[in-house]
Amino acid sequence: MEEYNENLKKEANIFYNPLLKSILNPYGKVIITGSYALDLMTWRDLDIFLEVENIKQSDIYDISCRIFKAYKPIWFETKDTFLDESGCPKGYFIGFESKIINNKLWNVDIWFTSNEYIENHLTYIEHLKKKITPKNKQLILMLKRLLIKEGYYGSQIFSVDIYQSVLEDQVSTLEEFKQWLLNHRNINI
C-alpha cells in the first residue's frame, strides 16, 4: 500500500507541475493539502488552497477557462461559497475531473478561502502528521483502499472519519473502525 501511495504522489506531481501550477501561481501561494500533504494517498485526488484575498470573481472565470483549455475536464463545477452554511470554506470553489494524464481519472478541489481558514487547516494537518506512525499509516491506507473498493469512501465515509478514528481515537483494526462508525456516524458497514 505504501508503494501505491508513492506512485500516486508521483502522478500528482506530474498532474500538477507545471500546468496547474502555472495556472494558479499568479493568484497567490498555492497550498496542496489533504491526503497528498499527509502522505496517505489512495486515489487520484488533489486538495488545493489559495487565499481568497487575492482573488476576484472575474479571476475565477479566467482560471476556469484556463483549466478547461489545459485539462479538458469531464466534470467541472465552480461556486461562490461565501454565504454557504454547510461547513465548507467561505470563498470560491473550483472542482474538476480530468483524464489528461495517462487517461487516469484525477479529481481536483481548489478552495479560494481566507488565510485564517487555511492556517487553521494547516495546523490541523500538522497535528495529524505528528500522530502518524508506520503502523497506523498502514492501517489508514488499508481502510481507505477497502472503503474505496466497497464504494463507501467519498460518499458515506471520508478521510476525516478515518483520521479521527485512527489518529485521535486509537482505532487499530477494521472491526474497531466498523464499531467506531456505528457509534460516531451511525453507519453500519
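Reply: What follows is a conversation about those topics, one after another.

Me: Before we start, what kind of model is this, and how are residues numbered?

Reply: This is a predicted model, in which local features need pLDDT of at least 70 and side-chain atom pairs count only at pLDDT 80 or more, while totals for chains, interfaces and linings use all residues. Residues are numbered from 1 along each chain as its sequence is written, and side-chain values use heavy atoms, with hydrogens and water left out.

Me: OK, helices then. At what angle do α1 and α5 cross?

Reply: The axes of helix α1 (residues 2–24) and helix α5 (residues 134–150) cross at roughly 75 degrees and come within 10 Å. Helices here are DSSP runs of H or I with at least four residues, strands are E runs of at least two, and both are numbered from the N terminus. The axes are lines fitted to C-alpha atoms, for helices over the stretch in contact, with angles running from 0 to 180 degrees between N-to-C directions. The two helices are therefore roughly perpendicular, on a scale where under 35 degrees is roughly parallel, over 145 roughly antiparallel, 65 to 115 roughly perpendicular and the rest oblique.

Me: And which residues meet there?

Reply: From α1 there are Glu 2, Tyr 4 and Asn 5, and they meet Lys 137, Gln 138, Leu 141 and Arg 145 of α5, where contact means heavy atoms within 4.5 Å. Sorted by class, this contact has 2 nonpolar, 2 polar and 3 charged residues; Ala, Val, Leu, Ile, Met, Phe, Trp, Tyr, Cys and Pro count as nonpolar, Asp, Glu, Lys and Arg as charged, and the others, Gly among them, as polar.

Me: Switching to charges, how many salt bridges are there?

Reply: The structure holds 12 salt bridges, each being a side-chain nitrogen of Lys or Arg within 4 Å of a carboxyl oxygen of Asp or Glu. One of them joins Asp 39 to Lys 9, with the closest N and O atoms 3.5 Å apart. Asp 39 lies in the loop between α2 (34–38) and β2 (45–51) and Lys 9 in helix α1, so the pair ties together parts that are 30 residues apart in sequence.

Me: Is that lysine buried or exposed?

Reply: Lys 9 counts as buried, at 17% relative accessibility; buried means under 20% relative accessible area, exposed over 50%, and partly exposed in between, using a 1.4 Å probe and protein chains only. Lys 9 also belongs to a network of salt bridges that links Glu 2, Lys 9, Asp 39 and Lys 137.

Me: What about Glu 126, which residue does it pair with?

Reply: Glu 126 forms a salt bridge with Lys 129, the closest N and O atoms being 3.4 Å apart. The two are 3 residues apart in helix α4 (residues 115–131), which means a separation of about one helical turn. Glu 126 is partly exposed at 39% relative accessibility, and Lys 129 is partly exposed at 35%.

Me: Now the inside. Which residues touch the most other members of the largest nonpolar core?

Reply: In that core of 29 residues, they are Leu 24, Ile 48, Ile 67, Ile 110 and Phe 112. A nonpolar core is a set of buried Ala, Val, Leu, Ile, Met, Phe, Trp, Tyr and Cys residues joined through side-chain atoms within 4.5 Å. Two or more residues come from each of α1, β2, α3 (57–71), β4 (91–98) and β5 (106–113), and α1 gives the most, with 7 residues. Apart from this core lies another, of 20 residues, among them Ile 125, Leu 143, Trp 180 and Ile 187.

Me: Last topic, the backbone. Where is the cis peptide bond?

Reply: The bond from Asn 17 to Pro 18 is cis, with omega near -10 degrees, and Pro 18 is in helix α1.
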